[in-house]
Amino acid sequence: MIANQILLLLLMLSVLPSSAALPLSPGNIGNLFGTSESDGKILQRSKRGWMWNQFFLLEEYTGNDHQYVGKLHSNMDKNDGNVKYVLTGDGAGTLFLIDEKSGDIHATKRLDREEKAMYTLHAKVLDRNTNAELEPDTEFNIKIHDINDNAPKFAKEIYFASVPEMSEVGTSVVTVTATDADDQTYGNSAKLVYSILQGQPYFSVDSENGTIKTALPGMDRELKENYQVVIQAKDMAGQMGGLSGTTTVSITLSDVNDSPPRFANHSFRVTAVESTDIGGAIGRIKADDPDVGHNAEMEYSIVGGHDIFNIITDQTTQEGVIIIKKALDYESKRDYEFRVEVKNTYLDARFIHGLQFKDYATVKVTVEDVDEPPVFTRNPYIIEVHEDTAAGSFVGVVSARDPDADNKPVKYSIDRHTDLERLFNIDSVNGTITTLKALDREMSNKPNSLPVFIKVLDVNDNAPEFAMSYDTFVCENVKAGQLIQTISAVDTDEPLVGHKFVFSISATNPNFTIVDREDNTANILTRRGGFSRREMSMYFLPVVISDNDYPIQSSTSTLIVRVCACDSRGNMQSCNPEVLPFSDGLTTGALVAILLCVIILLMIVVLFAALRRQRKKEPLIISKEDVRDNVVSYNDEGGGEEDTQAFDIGTLRNPEVMDANKLRRDIIPEMLFPFRRTSPIKDNTDVRDFINGRLQENDSDPTAPPYDSLATYAYEGSGSLAESLSSLESAATEGDQDYDYLSNWGPQFKKLAEMYIGKSPDRET
């Protein structure tokens with residue numbers, strides 16, 4: 001509260017001129033809060049006024065207590081409580097309260113400048129005891145000062161605009177403006193700055209007035225037509241902490257004639273029957289123009305003109321229609337060739353420089369033969385016959401020929417409607433006319449001159465075929481069941497009941513199907529969707545066409561269907577096979593190959609793992625013979641390093657069955673009766689107890705391996721004949737030992753006895 005008062009005091013002091021400074025006495029401090037600046041003038045007290053006529057209050061006060069507005073004070077107030085301040089006018093007693101004793105004015109609730117910017121009130125001073133008026137009724141204003149509490153707003157959430165394609169940089173597109181409800185004349189709360197959040201680098205916006213302009217040259221509608229631009233308006237002159245609002249502008253590039261017409265194929269082949277009427281159409285050709293509307297209108301013409309053919313433009317489809325100017329004759333000329341030029345009807349002078357807004361294509365016309373009626377060699381025939389000519393007499397001969405190339409035989413007949421009396425007959429093969437009855441001129445004074453009519457009866461010897469050469473295409477984004485072509489057929493034969501054709505294709509065709517319309521036409525429909533030029537750019541569809549005459553004739557005509565790229569409306573754009581990137585996915589063949597490689601790698605890994613597992617199952621002892629079978633127990637000792645034949649290998653295998661009487665073979669026996677070796681003690685209980693104890697320890701050991709194993713222990717036992725050979729318990733000197741007993745151990749220990757007995761002191765003495 002104190003801070004608000006100091007702020008208002010500093011604000012009032014800042015607007016007072018030096019000449020209007022007042023002494024800071026108790027009687028006029030409150031009046032300083034009424035200082036304001038309005039319309040460029042400083043409000044001053046009137047000559048008889050006792051208070052300032054204007055107070056200021058910030059809107060949107062958020063404190064819990066009443067907001068302090070200002071203070072009224074009269075010089076008549078001696079601070080003795082006898083003065084009462086009274087407030088009337090806008091919001092007095094509701095929005096604004098005054099302390100009767102002190103003259104302090106408070107606002108009771110939050111005030112919004114956008115609802116009401118100024119309140120007019122009246123104040124007067126009364127004597128509390130007598131209610132006498134001490135100061136006159138004085139009018140003053142409380143003006144609400146604005147704060148930035150309103151964000152900028154656009155009139156629409158989305159705007160729509162257009163600009164011609166290929167416009168220069170800086171071309172104005174549309175101006176979007178926002179409004180801010182804050183005070184336009186106070187501070188920067190309503191000063192807006194515009195910026196672009198989305199749409200760069202194609203467009204820019206003027207920061208002051210919100211005008212959107214093009215920022216990138218050469219924007220082509222045929223590449224991208226629609227753009228979404230997001231514009232932001234921010235108050236506080238765009239500074240940090242300001243409030244903002246956004247809107248979206250949908251900008252469409254309008255078309256200009258910047259693309260010339262082009263033929264997708266520069267060679268066309270058209271088939272025409274020689275019986276086509278003059279003015280009849282024999283085929284259509286079309287150029288592509290990516291522009292739209294009148295910018296895509298085209299005009300076709302034959303370069304240098306032509307005597308037989310002409311071309312006109314179909315304004316609906318923008319196709320060139322080839323028509324006949326003069327009758328065709330298969331027998332005279334069968335092939336024609338000419339060049340066709342296409343150009344735009346309307347040209348834009350800005351884009352004609354460097355580009356040729358026309359294109360050319362070659363058209364080849366093939367004339368097909370039709371079965372023409374025979375032609376008489378003379379017309380008319382005049383034959384004179386005498387009236388007394390008898391029946392069967394020769395009258396004359398007529399002759400006709402077939403103008404077709406195959407020159408079929410001609411048959412003759414007489415139209416009986418012209419010979420009701422049946423006076424004449426004609427040979428159907430050679431055309432000889434004879435009389436059937438005798439002629440009498442008096443019965444008919446008219447001369448017997450008559451025209452000869454010949455009618456050739458037709459035989460069903462021609463098969464039906466396509467009525468024309470079809471240029472059929474299917475879009476890559478086509479859906480199943482969509483119509484791509486309507487076909488019809490012609491037959492040079494003339495059956496009596498009229499033509500009736502039946503169309504069919506193979507039922508197993510996965511791509512296309514045919515629907516017979518029962519009017520000698522049929523519709524070709526797609527059986528599936530999603531064609532791709534990368535997989536196949538052209539399909540050959542055999543169509544079987546049969547007639548209903550006898551004998552039935554049928555033929556197979558091939559319909560060539562090209563796969564083309566089309567726009568969203570189904571208009572063909574390009575049919576040329578292109579090398580496209582593989583970002584859209586792999587072909588079916590590539591996927592199958594990758595899958596096979598993965599399966600083979602998995603099989604190799606499984607096989608390798610099985611081999612490793614089989615190796616792990618092999619026993620730890622991998623020698624050909626178990627080591628346990630190689631343990632040999634023997635207690636025989638050799639005669640030293642020089643003794644190489646002192647023992648028999650058999651004693652190493654089984655010393656128990658050693659032949660005790662066997663003598664050494666390398667020396668002469670020293671005794672007549674060899675030493676008889678005593679049998680070892682059979683019952684070595686201490687060794688048995690030692691082994692049994694170790695066996696029980698291994699059987700109860702949970703960490704022992706689950707198979708038989710060899711355990712070696714250094715235990716001599718207590719019943720050795722040689723006693724212990726260890727020197728751990730020997731006497732301190734060798735003289736304490738008696739080695740004579742070594743001589744009783746036999747020849748095996750002779751060397752050892754010589755080594756120790758020879759060193760005995762008694763021996764040396």
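Me: How do you know that E8 and strand E9 (residues 133-145) are paired?
Reply: Eight bridges join E8 to E9 in this predicted model, and the two run antiparallel. Pairing needs at least two bridges between two strands. Eight bridges meet that cut-off, so E8 and E9 count as paired.

Me: Which residue takes a positive phi in the hairpin of E8 and E9?
Reply: Asn131 does, with phi near 60 degrees. Five residues lie between the strands of this hairpin.

Me: What makes strand E5 (residues 83-89) a partner of strand E8 (residues 118-127)?
Reply: Seven bridges link E5 and E8, in the antiparallel sense. The cut-off is at least two, so E5 and E8 pair. Lys84 stands opposite Leu126 in E8.

Me: What holds paired strands of a sheet together?
Reply: Backbone hydrogen bonds do, in either a parallel or an antiparallel arrangement.

Me: How do you know that E15 pairs with strand E16 (residues 211-214)?
Reply: Three bridges join E15 to E16, and the strands run antiparallel. At least two are required, so E15 and E16 pair. Val205 has Ile212 as its bridge partner in E16.

Me: What is the strand order in the open sheet of three strands?
Reply: The order is E12-E16-E15, with antiparallel pairing.

Me: Why are strand E12 (172-175) and strand E15 (203-205) said to stand at the edges?
Reply: E12 and E15 each have a single partner strand, so one side of each is left without a neighbour in the sheet. From one strand to the next, the twist averages 25 degrees.

Methods:
Residues numbered from 1 in each chain as written. Predicted model: local features only at pLDDT ≥ 70, side-chain atom pairs only at ≥ 80, totals over all residues. Heavy atoms only, no water. Helix = DSSP H or I, 4+ residues; strand = E, 2+ residues; numbered from the N terminus. Axes fitted to C-alpha atoms, helices over the stretch in contact; angles between N-to-C directions.
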